[in-house]
Amino acid sequence: MNKIYQNRWLPIGLVAPQLLLIGIFFYWPVIQAFFWSVYLEPPFGGEAEFVGLENFSRVLDDEQFYNSINRSIIFMITASSSAVLIPLILAVAADRHIRLAKPARNILIWPKAVAGASIGMAFSILLNPHVGLLSPINALFPGFWNPGLNGTDANIMLNIAYIWRGIPFNFIILLAGLQGLPQSMIQAAAVDGAGPWRRLFEIQIPLLSPQLFFCMVLEVTASFASAFALVDSMTQGGPGGATNLFVYKIYVDAFKSYDLSGASTQTVILMAIVMLLTCFQFFFLEKRVKYNR
């Protein structure tokens with residue numbers, strides 16, 4: 001390190017702007033959330049009143065809190081599992097050099113450059129019951145698809161947009177993992193008579209477990225805590241609160257109901273849930289990961 005950087009303060013100076021931004025935009029809001037969770041913060045300014053754990057008691061007595069948690073868990077299970085499974089299927093297809101695999105690799109990476117709100121608006125139009133892709137079916141069977149009035153349809157639409165958003169990153173990670181597998185082992189299995197499906201399930205997927213675990217950890221936390229842009233741009237929590245996920249409820253409570261203390265308390269609870277989910281995956285699921293090839 002000293003041979004590369006003759007001045008010992010130079011490395012610190014290079015990373016300082018990044019550390020400053022992380023501190024201001026990530027850690028300072030976290031500290032503020034903890035502070036406001038034990039204070040009753042006036043929505044229009046004024047002196048905050050210390051109330052201890054009263055905010056937590058108020059939030060935990062709210063039925064809407066549990067409803068939003070249940071919706072978030074269901075969304076996390078459906079969206080995160082599909083957001084890993086579909087890129088895995090696409091990566092396996094691309095790795096086997098099927099027809100149009102090369103242009104498909106480029107096309108599948110493009111959505112990474114699109115913002116979440118833009119994806120939400122695009123899918124709102126594509127899946128619109130009157131002018132979208134399913135409008136011909138709606139013309140034959142009125143009411144077949146109506147995410148504006150049907151909560152199940154709204155959740156399906158939200159899942160589709162979320163899965164599409166996650167395809168590029170997971171596809172890149174899984175395809176790179178597949179292409180890094182020892183080909184001699186796969187070729188030896190083929191010589192011994194193992195078919196493509198057997199090679200996939202008994203050799204490739206077990207060896208790909210580190211990449212699958214990495215994608216699953218990121219998707220589980222992201223689906224629980226980062227679906228705000230899609231919900232806000234597609235359903236605004238409707239219809240009838242069917243897509244009012246926990247992260248969106250925090251936004252509504254803070255910026256529409258002006259309950260800053262309640263929203264901060266729920267933010268602290270959200271952080272605790274995400275940490276527990278992450279710890280659970282590392283303590284229990286990581287034992288099945290095979291790092292040695």
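By class, how many nonpolar, polar and charged residues does the lining of the second largest pocket have? The answer is six nonpolar, three polar and no charged residues, and the paragraphs below set that lining within the rest of the chain, which is seen here as a predicted model.

The chain has 13 helices and two strands, and its C-alpha trace spans about 75 × 75 × 35 Å along the principal axes. Of the 293 residues in the chain, 38% are buried. Among the contacts with a separation of 6 or more, 70% are accounted for by residues 24 or more positions apart.

An unreviewed UniProt entry applies the term "transmembrane region" to residues 12-35, 73-95, 107-127, 156-178, 207-231 and 267-285. Two of these spans can be followed in the coordinates: residues 73-95 are 100% helix and 0% strand, with 33 Å between the end C-alpha atoms, while residues 207-231 are 88% helix and 0% strand, with end C-alpha atoms that lie 36 Å apart.

The second largest pocket, with which this text opened, holds about 240 Å³ of space. Its lining consists of Val 217, Leu 218, Thr 221, Ala 225, Thr 267, Leu 270, Met 271, Val 274 and Thr 278. Helix H10 (209-225) and H13 each supply at least two residues of this lining, and the largest share, five residues, comes from H13.

The largest pocket has a volume of about 610 Å³. Among the 21 residues that line this pocket, Pro 29, Val 30, Ala 33, Ile 250 and Thr 267 are the closest to its centre. Thr 267 is also named in the lining of the second largest pocket. Helix H1 (9-37), helix H12 (246-255) and helix H13 (260-285) each provide at least two residues of the lining of the largest pocket, with the largest share, eight residues, coming from H1. In terms of class, this lining has 18 nonpolar residues, three polar residues and no charged residues.

Helix H12, which contributes to the lining of the largest pocket, is itself mostly covered, since seven of its 10 residues are buried. The buried residues of H12 are Phe 246, Val 247, Tyr 248, Lys 249, Ile 250, Asp 253 and Ala 254, a list that includes Lys 249 and Asp 253. These buried residues pack against helix H3 (63-95), H10, helix H11 (228-234) and H13. Ile 250, one of the buried residues of H12, is also among the residues closest to the centre of the largest pocket.

The cysteines can be considered next. A disulfide is a covalent bond between the sulfur atoms of two cysteines. The structure holds zero disulfides, and the separation of the sulfur atoms gives the reason: the sulfur of Cys 215 is 20 Å from the closest cysteine sulfur, in Cys 279, which is too far for a bond, given a cut-off that requires the two sulfur atoms to lie within 2.5 Å.

Asn 159 lies in helix H7 (residues 151-179) and counts as buried because its relative accessible area is 12%, where buried means under 20%. Leaving aside its neighbours within four places in sequence, Asn 159 is in contact with Phe 75, Thr 78 and Ala 79. Ser 135 belongs to helix H6 (residues 135-140) and is likewise buried, with a relative accessible area of 18%. When residues up to four places away in sequence are not counted, Ser 135 touches Pro 129 and His 130. Gln 183, in helix H8 (residues 183-191), is partly exposed, with a relative accessible area of 37%. From C-alpha to C-alpha, Gln 183 and Phe 214 are 22 Å apart in space, and they are 31 residues apart in sequence.

Key. Residues are numbered from 1 along each chain as its sequence is written. This is a predicted model: local features need pLDDT of at least 70, side-chain atom pairs count only at pLDDT 80 or more; totals for chains, interfaces and linings use all residues. Side-chain values use heavy atoms; hydrogens and water are left out. On a 1 Å grid over the protein atoms alone, a cavity is a set of points where a 1.4 Å probe fits but cannot get out, and a pocket is an open set with protein on both sides within 12 Å along at least five of seven lines; lining residues have an atom within 4 Å of a point. Grid points are joined across faces, edges and corners, and a volume is the space filled by probe spheres set on the points. Helices (H or I, at least four residues) and strands (E, at least two) are DSSP runs, numbered from the N terminus. Ala, Val, Leu, Ile, Met, Phe, Trp, Tyr, Cys and Pro count as nonpolar, Asp, Glu, Lys and Arg as charged, and the others, Gly among them, as polar. Buried means under 20% relative accessible area, exposed over 50%, partly exposed in between (1.4 Å probe, protein chains only). Contact means heavy atoms within 4.5 Å. UniProt positions are given in the numbering used here, feature names are shortened, and annotations may be inferred rather than shown by experiment.
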